[in-house]
Amino acid sequence: MAANFSRRQFLLYSSATLSTSLLLKACSNKSVKTGDSGGFKIAIALPGVITDKAWNQSGYEGLQLAKQKLSAETAYVEQVPQADQTEALSDFARRGYNLIVAHGGQFDAAIQQVAPKFPKTFFVGVNGAVSGTNIASLRIDHLQASYLCGIIGASMTKSNKLAYIAGQEFEATQQELRGFELGAKSIKPDIKISSTFTGDWNDVAKAKEATVAIISSGADVIYQWLDTASPTVLQTASEKGVYAFGNTLDQLEVAPKAVLTSAVKRLDLAIAFLAELAKQNQIKGQIYTIGLEKPEILNLGKFGTMVPKQIQEKVLNIRQEIVTKKITFDKCQEGGKNTRCVKQART
């Protein structure tokens with residue numbers, strides 16, 4: 001069982017010079033070593049709760065998988081607000097964790113601030129855009145999956161209006177939005193795509209309000225990327241009779257009348273993979289990007305019954321063309337008349 005430091009405990013014990021000893025004392029009854037860890041310790045800082053059935057749960061499950069595979073000692077802290085990120089990461093580093101995972105691109109600045117102070121600790125930012133001597137970023141190629149969802153959305157819309165909603169705007173969400181736009185416009189060049197950022201991945205009320213506003217504006221297909229608030233978007237879409245996409249986990253069962261499919265991102269497997277590299281001292285200070293070429297990590301989920309078979313088949317064929325690089329996003333391939341090229345706009 002991993003040590004769990006709730007936000008309340010963290011805030012109470014992570015100030016002043018006694019933060020390390022007090023936090024360890026307060027939570028020692030919850031810290032359990034998983035057998036012989038061989039001295040390898042992994043911790044993860046999460047912006048939300050591990051039961052959100054979305055982003056944070058996937059990160060926690062990655063920690064659990066790494067614990068099982070590597071017999072490592074593990075710990076986690078939930079609901080870390082942006083103002084407390086540097087202290088959360090520093091606290092784990094002071095207590096000797098070899099690998100510290102920051103689960104979200106919003107941790108990038110904190111990682112850059114903390115990592116130089118702890119050169120013997122390796123930091124991984126999931127969805128991050130930073131790298132360094134002891135810093136790596138783990139990126140899922142969000143553009144590839146959202147491109148496929150854009151094709152489905154454009155094929156299913158009646159209003160010719162699609163919408164994207166996420167918690168914050170940073171490189172990963174910009175990439176996902178761009179992929180959704182490119183996919184949709186490959187089917188209908190004149191289609192309209194709006195975007196909304198609620199400012200909070202977990203605020204259910206904000207998500208509900210934003211979703212209702214999006215639907216009121218005429219959008220009848222919504223691509224969402226939220227955490228605890230994710231089911232609210234899907235269920236509201238179902239109530240209003242419009243379509244939506246699941247994200248991170250296969251969320252078809254959350255709202256089967258609304259969910260067309262999901263962009264399934266097995267971050268648990270990706271995190272466990274980097275943890276194994278770290279234990280073997282093979283992890284490098286670089287950005288690791290995983291795309292559709294590894295379907296066990298990035299893929300589409302189950303299709304809703306409302307998606308016609310011909311659309312399903314078309315999208316699966318396009319997925320394979322992305323894998324074989326017949327469709328590319330970064331630059332045009334030269335010399336191949338059978339190669340289609342989608343130029344990704346730099347944001």
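User: Strands are DSSP runs of E with at least two residues, numbered from the N terminus. In which strand does Ile287 lie?

Analyst: The model is a predicted one. The run in question covers residues 287-290, and Ile287 belongs to it. The element that holds Ile287 is strand 12.

User: Is Ile287 buried, partly exposed or exposed?

Analyst: Buried means under 20% relative accessible area and exposed means over 50%. Ile287 has a relative accessible area of 37%, so it falls in between. Ile287 is therefore partly exposed.

User: Which residues does Ile287 touch, not counting residues up to four places away in sequence?

Analyst: The C-alpha atoms of Ile287 and Gly125 are separated by 9.2 Å, although the two residues are 162 apart along the chain. With residues up to four places away in sequence set aside, the residues that Ile287 touches are Ala129, Val130, Ser131, Ser137 and Arg139.

User: How many helices and strands are there in the protein?

Analyst: The protein has 347 residues, of which 56% are buried. Of the contacts between residues at least 6 apart in sequence, 67% join residues at least 24 apart. The count of elements is 11 helices and 15 strands.

User: What average pLDDT does the protein have?

Analyst: A score of at least 70 is reached by 84% of the residues. Taken over the protein, the average pLDDT is 87.

User: Over which residues is the pLDDT below 50, in a stretch that has 47 contacts beyond near neighbours in sequence?

Analyst: Where pLDDT is low, the predicted coordinates should not be read in detail. One stretch under 50 is residues 332-339, for which the model has 8 contacts beyond four places in sequence. The stretch with 47 contacts beyond near neighbours is residues 6-37.

User: With which residues is Leu99 in contact, leaving aside its neighbours within four places in sequence?

Analyst: Leu99 is among the residues with the most contacts inside the largest nonpolar core. Once neighbours within four places in sequence are left aside, the contacts of Leu99 are Phe40, Lys41, Ile42, Ala43, Phe122, Val124, Ala275 and Ala278.

User: Which residues does Thr86 touch, not counting residues up to four places away in sequence?

Analyst: Thr86 lies in helix 4, residues 85-94, and is partly exposed at a relative accessible area of 25%. Its C-alpha atom is separated by 9.3 Å from that of Gln112, 26 residues apart along the chain. Beyond residues up to four places away in sequence, Thr86 touches Ala110, Gln113 and Val114.

User: What volume does the second largest pocket have?

Analyst: Its lining divides into 6 nonpolar, 9 polar and 2 charged residues. The volume of the second largest pocket is about 320 Å³.

User: Of the 17 residues that line the second largest pocket, which are the closest to its centre?

Analyst: One of these residues, Pro47, has its C-alpha atom 8.6 Å from that of Val77. Val77 lies in strand 3 and is buried, at a relative accessible area of 2%. The lining residues closest to the pocket centre are Pro47, Val80, Pro81, Asp200 and Asn202.

User: Which residues line the largest cavity?

Analyst: The structure holds 1 cavity of 30 Å³ or more. About 50 Å³ of space lies in the largest cavity, and by class its lining has 5 nonpolar, 4 polar and 1 charged residues. Those residues are Pro47, Trp55, Gly104, Gly105, Gln106, Asn127, Phe170, Trp201, Trp225 and Asp227.

User: What is the phi of Ser71, a residue that is not a glycine?

Analyst: Most residues other than glycine have a negative phi. Ser71 lies in the loop between helix 3 and strand 3 and counts as partly exposed at 32% relative accessibility. Its phi is positive, at about 55°.

User: Is Thr248 buried or exposed?

Analyst: Thr248 has its place in strand 10, residues 243-248. Its phi is also positive, near 75°. The relative accessible area of Thr248 is 0%, which is under the 20% limit, so Thr248 is buried.

Definitions and conventions
Residues are numbered from 1 along each chain as its sequence is written. This is a predicted model: local features need pLDDT of at least 70, side-chain atom pairs count only at pLDDT 80 or more; totals for chains, interfaces and linings use all residues. Side-chain values use heavy atoms; hydrogens and water are left out. A nonpolar core is a set of buried Ala, Val, Leu, Ile, Met, Phe, Trp, Tyr and Cys residues joined through side-chain atoms within 4.5 Å. Buried means under 20% relative accessible area, exposed over 50%, partly exposed in between (1.4 Å probe, protein chains only). Contact means heavy atoms within 4.5 Å. pLDDT is the predictor's confidence in each residue, from 0 to 100. On a 1 Å grid over the protein atoms alone, a cavity is a set of points where a 1.4 Å probe fits but cannot get out, and a pocket is an open set with protein on both sides within 12 Å along at least five of seven lines; lining residues have an atom within 4 Å of a point. Grid points are joined across faces, edges and corners, and a volume is the space filled by probe spheres set on the points. Ala, Val, Leu, Ile, Met, Phe, Trp, Tyr, Cys and Pro count as nonpolar, Asp, Glu, Lys and Arg as charged, and the others, Gly among them, as polar. Helices (H or I, at least four residues) and strands (E, at least two) are DSSP runs, numbered from the N terminus.
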